[in-house]
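Here is a short briefing on one protein model. Read it with the sequence and the 3D view side by side.

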Amino acid sequence: MTSTYLLYESASGYALFHAHGLDEIGQNTEAIRSSVSDLNRFGKVVKLAAFHPFESALDALKQCNSVSEGLMTDELRSFLEINLPKVKEGKKAKFVLGLAEPKIGSNIFEETKIPCQSNEFVLELLRGVRLHFDKFIKDLKTGDLEKAQLGLGHSYSRAKVKFNVNRVDNMVIQAIFLLDTLDKDINSFSMRVREWYSWHFPELVKIVSDNYLYAKVSKFIEDKSKLAEDKIPALTDIIGDEDKAKEIVEAAKASMGQDLSPIDLINVQQFAQRVMDLSEYRKKLFDYLVAKMNDIAPNLASLIGEVVGARLISHAGSLTNLAKCPSSTLQILGAEKALFRALKTKGNTPKYGLIFHSSFIGRASARNKGRMARYLANKCSIASRIDCFAENSTTTFGEKLREQVEERLDFYDKGIAPRKNIDVMKSAIESADNKATDMDIEEVASEASGKKSKKKKSKASANGEVEDRPSATENGDAKSEKKKKKEKRKLDKETEEEQQQASEMLNGEVNGEEEAGKKKKKKKSKEEDHVAAEDSKKKKKKKSKSEDAE
């Protein structure tokens with residue numbers, strides 16, 4: 001019969017429990033649930049086999065991260081190999097290791113061939129271990145386990161937030177949500193200002209149509225009865241049109257509106273001021289969104305625009321999720337209701353979702369809108385992947401993809417054949433590389449100039465030299481002194497050059513004499529060698545002749 005071991009990963013360390021005599025509880029999960037709360041009964045069946053405490057809080061965080069990712073660390077491996085029964089090669093193990101996470105169980109089995117199990121029965125046993133864990137470990141003081149759990153929980157969640165590489169896109173998601181909310185609020189508040197002030201000056205609504213300008217003008221006019229021709233220049237500055245300013249003054253003279261008390265006018269002005277403040281804040285928020293999109297997703301922003309790109313990111317949840325989406329999914333993002341309604345009723349599926357707000361689809365003809373949406377979704381998918389996974393952020397690819405979409409529009413309208421995708425991407429890569437090299441050169445040049453200026457400053461401070469500009473009266477003397485110095489320097493240089501030439505001439509003569517002497521010696525030695533060789537030949541000939549005569 002196989003015995004069961006339980007691995008429990010606590011905040012203070014790894015614990016291995018041996019579950020024996022399970023017949024007393026029974027293999028039924030309901031029987032275990034009833035017996036878990038009773039420590040006397042549960043303690044007879046499950047006993048602590050080994051405990052490996054973590055060395056520090058950092059070590060605990062490292063082990064927790066590896067367990068959550070389904071990876072077995074070296075410490076866990078050594079702990080299991082030491083405390084579990086050894087399995088002989090070619091034989092089946094007589095025990096099973098119970099785990100809460102099946103993911104790490106598969107990794108342990110692959111690495112160590114230890115059989116692992118994770119089911120309802122094991123989970124109920126581990127629940128009992130978790131409940132009575134402080135009773136099993138005798139050295140633990142009261143409150144130690146809670147402190148360890150709290151500290152590990154905080155550090156783990158903090159690390160998970162830091163681990164999110166693309167966490168900056170959360171700012172874009174929040175900004176686009178706030179922008180949409182502000183648009184709705186400003187619209188409803190502007191309508192309220194129009195309705196409120198129209199009781200006093202109803203003719204102003206037809207003259208000024210813009211909401212922001214209406215709030216500004218109503219705050220400036222206050223009481224229509226006090227509006228005279230001397231205020232036309234100020235009205236012209238607000239509206240930007242002198243004819244409209246005159247028209248407002250004329251309308252105020254013959255207005256059909258009722259008079260308002262000073263308190264009512266003050267309330268209307270305050271509310272108009274709030275609407276103006278909201279409109280100005282909306283402009284600042286839009287600028288912030290544009291700047292953020294250019295930092296986070298520059299290619300997507302340059303291809304489809306900052307607002308539509310931000311809406312796509314917020315709808316997908318993050319830039320990473322958007323990059324994971326295929327182009328077919330990206331095409332209908334935002335039209336999920338219409339898609340499921342079409343699938344349910346077996347009707348036509350939608351051709352576009354949030355992409356519809358792009359100017360490209362609006363420019364396409366009615367019969368080409370679906371094609372354009374499909375092509376644009378394809379390019380948006382490429383741009384989002386480049387923004388998410390590229391190391392250097394550039395707008396080169398987004399600009400090239402935009403050119404491709406423009407060419408496709410021309411192809412649908414005029415029949416002009418677009419360039420191939422391979423050629424466009426090659427040119428985009430080349431231009432991106434060139435930009436990167438230019439940036440590197442500029443950085444190196446700036447660093448070098450900075451170092452030179454620092455060196456000059458340090459030299460000047462070390463020598464204690466202070467350069468004073470000469471006054472107007474001393475200019476003549478200074479110039480004459482400079483000329484004299486220059487002439488002296490020229491004379492010194494000429495004398496030095498003459499001395500160098502003379503020394504070179506002398507050295508050349510000496511070297512020539514030495515070389516001539518060496519050549520003569522060589523010739524003499526060669527002649528002497530030649531004479532000695534001839535004498536030896538004559539002697540040999542004489543000897544040979546004498547031997548022949550004998």
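The structure holds 13 salt bridges. A salt bridge here is a side-chain nitrogen of Lys or Arg within 4 Å of a carboxyl oxygen of Asp or Glu. This is a predicted model: local features need pLDDT of at least 70, side-chain atom pairs count only at pLDDT 80 or more, and totals for chains, interfaces and linings use all residues. Residues are numbered from 1 along each chain as its sequence is written, and side-chain values use heavy atoms, with hydrogens and water left out.

**Salt bridges**

- Arg 192 forms a salt bridge with Glu 195, and their closest N and O atoms are 3.1 Å apart.
- Both residues of this pair, Arg 192 and Glu 195, sit in helix α9 (residues 169-198), three residues apart, about one turn of the helix. Helices (H or I, at least four residues) and strands (E, at least two) are DSSP runs, numbered from the N terminus.
- Arg 192 is partly exposed because its relative accessibility is 45%. Glu 195 has a relative accessible area of 48%, so Glu 195 is partly exposed too. The cut-offs are these: buried means under 20% relative accessible area, exposed over 50%, and partly exposed in between (1.4 Å probe, protein chains only).
- Glu 229 and Lys 253 meet through their side chains in a salt bridge (3.6 Å, N to O). This pair links distant parts of the chain, 24 residues apart: Glu 229 is in the loop between α11 (211-221) and α12 (232-239), and Lys 253 is in helix α13 (residues 242-253). Both Glu 229 and Lys 253 are exposed.
- Glu 407 and Arg 419 form a salt bridge at 2.8 Å, N to O. Glu 407 lies in helix α22 (residues 396-414) and Arg 419 in the loop between α22 and α23 (421-463), so the pair ties together parts that are twelve residues apart in sequence. Arg 419 counts as partly exposed because its relative accessibility is 38%.
- A network of salt bridges links Arg 77, Glu 81 and Glu 111.

**The sheet**

- The protein chain has 24 helices and five strands.
- Which order do the strands of the open sheet take? The order of the five strands is β3-β2-β1-β4-β5, with mixed pairing. Two strands pair if DSSP finds at least two bridges between them.
- β3 (46-53) and β5 (116-117) stand at the edges with a single partner strand each, so one side of each has no neighbour in the sheet.
- β2 (residues 13-19) and β3 run antiparallel, joined by seven bridges. Ala 15 stands opposite Phe 51 in β3.
- β1 and β2 also run antiparallel, with six bridges between them. Leu 7 has Leu 16 in β2 as its bridge partner. A hairpin of three residues joins β1 to β2.
- β1 and β4 run parallel and are joined by four bridges. Leu 6 has Gly 98 in β4 as its bridge partner.
- Is β1 mostly covered or mostly uncovered? Five of the seven residues of β1 are buried, so the strand is mostly covered.
- Helix α4 (residues 74-83) lies across β1 (3-9), β2, β3 and β4 (95-98), and runs at about 30 degrees to β2. Axes are lines fitted to C-alpha atoms, for helices over the stretch in contact, and angles run from 0 to 180 degrees between N-to-C directions.

**Burial, contacts and cysteines**

- Of the 550 residues of the protein chain, 33% count as buried.
- Residues 24 or more positions apart account for 65% of the chain's contacts with a separation of 6 or more. A contact means heavy atoms within 4.5 Å.
- How many disulfides does a search of the whole structure find? The search finds zero disulfides. The cut-off is a pair of cysteine sulfur atoms within 2.5 Å.
- Cys 325 is buried because its relative accessible area is 15%. Cys 380 is buried as well, at 0% relative accessibility.

**Confidence**

- The mean pLDDT of the protein chain is 80, and 76% of its residues reach 70 or more. pLDDT is the predictor's confidence in each residue, from 0 to 100.
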